[in-house]
Amino acid sequence: MSNGGNAKLLAQHFTPPAVAQLVWDAVRTIAGKDLGAGARVIDPAAGEGALLGAVGRAYQTTGVEIDAGLAERGRSQADRFYTGDGLLGTFPEVADETFDCVLANPPFGKLGPMLHLFGADGPCRLAQRFGLLDGQKQMRSFPVELLFIERALQLIRPTGWMALILPEGFLANARRQGVRDWLLARAEVRAVVALPGAFNKVQTALVVLRRSKSLARTKARLITPVGKRPSVEQYAQHVQLLLGASARRESEAAILSIGQRALRAQRWDPRFWQGRAAVRRLAGRLRLVPLGEYICHLTYGPIVTGSRPQHIEAGVPVIRQGNIAETGLDERALLCVAPAGAHDPPRSRVRPGDLLLSRSGAGALGRNRLAVYLGNKPANVGCFVDLIRLEGLNPFYAWFFFKTRLGREQIAAYANGVGTPNISFGEIRALQIAALPAAYQDALERRYREQVWPLHCRRDRTDIRAEAERRFRAIVGDLEDYLQTRRQ
């Protein structure tokens, strides 16, 4: 069976060697002598054995893989390697509570496409073995990665270790809060390491846990990259330094320590906590106000099921995510739709001074695409653009603030999930913004209109566009410096 033949069916995401080494080095660093030579290590979703290969021969390693083709290639990576089902299968020398550590990069996705692999009585047997399935009426839509989390808990000894690569949605999505709290009642979180780019578009993190019957007083170390995304190899080196020392920041990564109790009823993703930390640091010097206190109208463009907008030359322009450039709206090729039609509802018509935010997608929300509408003709927004109308706050200041690092970290904290990242109305209203003097806010607007806007309007030329972006970044940089030094 080929590597990719069953990957989609089995929801597999293959572990790059550098990531596999990071996983093992991280759990070994945190566990210390508790995972000494001879420790028993198992991977119940072993694939080609990448994680077990990183462990080395000083340990007793066991792998289980359902895909026969992958299992054949993985046998050389472990002392024992079985072909079969890691959730329900029974194998020699694989018993509950007998392993010191579980390593796993389990499949992510719905259980439904895999149910036939467990046989006719599979659903019944799964329900009997996994407590997380209690009360689940829709087993087919249940995330399979959650079953592997419970399976890991079953396999390790009472104080054993788990190092699991999990989708960011498990760490961040509100609908997974119940499972996070369930897990926290059975294990202490010792580290969460963001793994951006490790699996292409699937955002993941390494979660290191130790089985525990009570809520421990230990700290969870949350690590995320800073600045431009480093290579996996560079990032792994800095993660090791942060896990092995008391340093709070390396050039490629930042670390926070969070108590176990603080994680209850909260997200676990490092970006969320980095955003909160940034807000706390700023709140120590400046008065912060939720953006929602200034919002008088918040909406997004129409979602018209089964209908794609048709371009009409004399129609109403629609501002979509791709029209939001770094220095403002790019109005050169706007889609135009029939006035007052389904794609031009009154509720999402823009007015001069409206703040526009790309609400989804790694290439839009992930790049912090915002702009202020400066036109004076009728226009609307697309379904992936949020229209934010403000009162008592200069929209240009809001634009620049959310382009600073303090603003970006807050927005990034909400841009989570396995699929397309999104930000909700509630999250937009909860964003914190520094209450700066109106005169300073207005000065930022004048500077944009005088220094950036004239060049933005001539952005057809590459050199002019580059100069406009340089001036725009200078405004943002000066605001960032002002926020760092001002006190109230």
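Author: Buried means under 20% relative accessible area, exposed means over 50%, and partly exposed lies in between. The present model is a predicted one. Its protein chain has a mean pLDDT of 88, with 91% of residues at 70 or more. Residues 1-5, however, have a pLDDT below 50.

Reader: How many salt bridges does the model contain?

Author: The count is 27 salt bridges. In one of them, the side chains of arginine 151 and aspartate 96 meet at 2.9 Å, N to O. This pair joins distant parts of the chain, 55 residues apart: arginine 151 belongs to helix 5 (residues 144-155), and aspartate 96 to the loop between strand 3 (80-83) and strand 4 (99-104).

Reader: Is arginine 151 buried or exposed?

Author: Its relative accessibility is 4%, so arginine 151 counts as buried. Aspartate 96, at 40%, is partly exposed.

Reader: Where do arginine 405 and glutamate 409 lie?

Author: Both are in helix 12 (residues 405-414), four residues apart, which is about one turn of the helix. Arginine 405 is partly exposed at 29% relative accessibility, whereas glutamate 409, at 16%, counts as buried because the cut-off is under 20%.

Reader: Which residues are linked in a network of salt bridges?

Author: Asp34, Asp100, Arg157 and Arg210 are linked in this way.

Technical notes: Residues numbered from 1 in each chain as written. Predicted model: local features only at pLDDT ≥ 70, side-chain atom pairs only at ≥ 80, totals over all residues. Heavy atoms only, no water. pLDDT = per-residue confidence, 0-100. Contact = heavy atoms within 4.5 Å. Salt bridge = Lys/Arg side-chain N within 4 Å of Asp/Glu carboxyl O. Helix = DSSP H or I, 4+ residues; strand = E, 2+ residues; numbered from the N terminus. Buried < 20%, exposed > 50% of the residue type's maximum accessible area, 1.4 Å probe, protein only.
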